[in-house]
Amino acid sequence: MRFMLEQSLAQPTGEPLATEASAEHWQALAAADGSTFLPPTRGTVYGTLLNHRDALAALEDQVNAAPYKAPPKAPILYIKPRNTMVGHHVPVVVPADAPELEIGATLGIVIGRTASRVVEAQALAFVAGYTVVNDISVPHASVYRPSMRFKCRDGFCPIGPAIVARALVPDPDALDIDVAIDGATVQRSRTAGLVRPVARLIADVTDFMTLFPGDVLTVGVAAHAPRAQAGQTVTITIHGVGKLENTLVAGGAE
Amino acid sequence: MKRARVAYGGAIHDAVEHGAGVRLTDGRVLAEDAVVWLPPFEPETIIALGLNYADHVKELSKELTVTAKDEPLAFLKSPGALIGHRAQTRRPADATFMHYECELAVVIGRSAKQVSRADALNYVAGYTVANDYAIRDYLENYYRPNLRVKNRDTCTVLGPWLVDAADVPDPHALALRTLVNGTVTQQGNTSDMISDIPALIEYLSSFMTLAPGDVILTGTPDGVINVNVGDEVVTEIDGIGRLVNTIVGDALFGR
């Protein structure tokens, strides 16, 4: 990962290296010939749970009942392993045991230099840029101790198309996120009003866990995540960051 | 063969076991305390098992809300939490219950997808010892065990050796134990795993592709106790290795 990112870093499939160009260039390339892309980073992807106030509110009084027993205190994180990471325009296989998948549209914070015990006021200086993440799940109700089967399937973390330099995203806490399925908008959310805005999240996470260049920390998914089925195309647009599109395809028996 | 990765003389080296300590690939033979020990390979996806020994399930039963289980309790960790043999692990000043976990770590050697139990051990490159600390003060009931408990910097110790699978005829007949300041505090045997290694590889590869460098920490038996600053914690598995770690306080980290 290059800390000195100025434009937008991406790697079309078949290119030997990720290179920088304008976001418009990558979008135009993808639109012109349907190019597929590699994930723009190979770092560890950390998902953040219940960081949207509406997602937390959707649990209502459940947070005080078993098994949760109390609202979350520290950031609640999980890991999307490397087998889940695919790039823009790469088809995502819907497992045979899941009739539909939950589409987790979220902003990915891409770390640019090693971040340990970062204070909130300086946190953004550790960010290389931002990208679009589709944190796909097999729908599941409980977040107490979810099985890895729900979030760790091959291809369940489309990411990209590019990492957009931090300087080109003046306020990561005020971004609009739209999800469209087969072209029809099904969810609109914002990164505004998070329980932990971007800088606060980085500070609280790096208090106990170092983030390394290329690692991705998502800000979390809003409530009422839409679902999609095999044959449908999912497009996540984060205005000012990028448009990530993947088609779901039916898988064989697993 | 027992393989290690060490730092010495301004570079990182692959090394193998030698009667006097380690032998670097360039031929230099060095004492155990002359090198800095790194995790013996660079893990990619790190999978850990909770509650995979029946006696440990009983030990933790007071805090469990689920007793019957129909699939292994697997969770993920990240490479940043790892340290090697003879290193130091930080115990935060506000912790009241921080415990070790001695675990057999299974290292995947080739890409594994939908592997059957009968074929599973053919995908194992080797084995090492893990000491996977938990700080239970930070336990929250969301995505258990939450990363603040289980994925802290310095809190997953791995090594000293990656032992070739060919040199471990039966990975389910290994005595393991933990010693705190020389006293045995935890004992078990890998024969007592609830889900054995072939079952874990079959289960995991049924829904995800495992790749070379991925590692499965197979859980810990009964006998986890609190450790304090200054304690020497040795996690040991017969035939695999003896992994030494020291607990240190916040001051060393400028906190």
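Student: Which residues does B:C102 touch, not counting residues up to four places away in sequence?
Tutor: This is a predicted model, in which local features need pLDDT of at least 70, side-chain atom pairs count only at pLDDT 80 or more, and totals for chains, interfaces and linings use all residues. Residues are numbered from 1 along each chain as its sequence is written, while chains are lettered from A and ligands numbered from 1 in the order in which they are written. Two residues are in contact if their C-beta atoms, placed from the backbone, lie within 7 Å. With that cut-off, B:C102 touches B:N131, B:L176, B:R177, B:T178, B:Q186, B:T220 and B:T235.

Student: Is B:C102 buried or exposed?
Tutor: A residue is buried if 20 or more other C-beta atoms lie within 10 Å of its own, exposed if 12 or fewer, and partly exposed in between, with C-beta atoms placed from the backbone. B:C102 has 28 other C-beta atoms within 10 Å, so B:C102 is buried.

Student: Where is A:S35 found?
Tutor: Helices (H or I, at least four residues) and strands (E, at least two) are DSSP runs, numbered from the N terminus. A:S35 is found in chain A, in the loop between helix 1 (23-33) and strand 3 (45-49).

Student: How many other C-beta atoms lie within 10 Å of A:S35?
Tutor: A:S35 is partly exposed. The count of other C-beta atoms within 10 Å of A:S35 is 18.

Student: Which residues of strand 8 of chain A point the other way from A:A105, A:L107, A:I109 and A:I111?
Tutor: In a regular strand the side chains alternate between the two faces of the sheet. In strand 8 (residues 105-111) of chain A, seven of the seven residues are buried. Opposite to A:A105, A:L107, A:I109 and A:I111 point A:T106, A:G108 and A:V110.

Student: What is the bridge partner of A:V110 in strand 9 of chain A?
Tutor: Two strands pair if DSSP finds at least two bridges between them. Strand 8 and strand 9 (residues 127-134) of chain A pair in the antiparallel sense over seven bridges. In strand 9 of chain A, A:V110 has as its bridge partner A:G129.

Student: Which strands of chain A stand at the edges, each with a single partner strand?
Tutor: The open sheet has five strands in the order 6-16-15-11-12 (chain A), with mixed pairing. Each edge strand has a single partner strand, so one side of each is left without a neighbour in the sheet; these are strand 6 (92-94) and strand 12 (184-190) of chain A.
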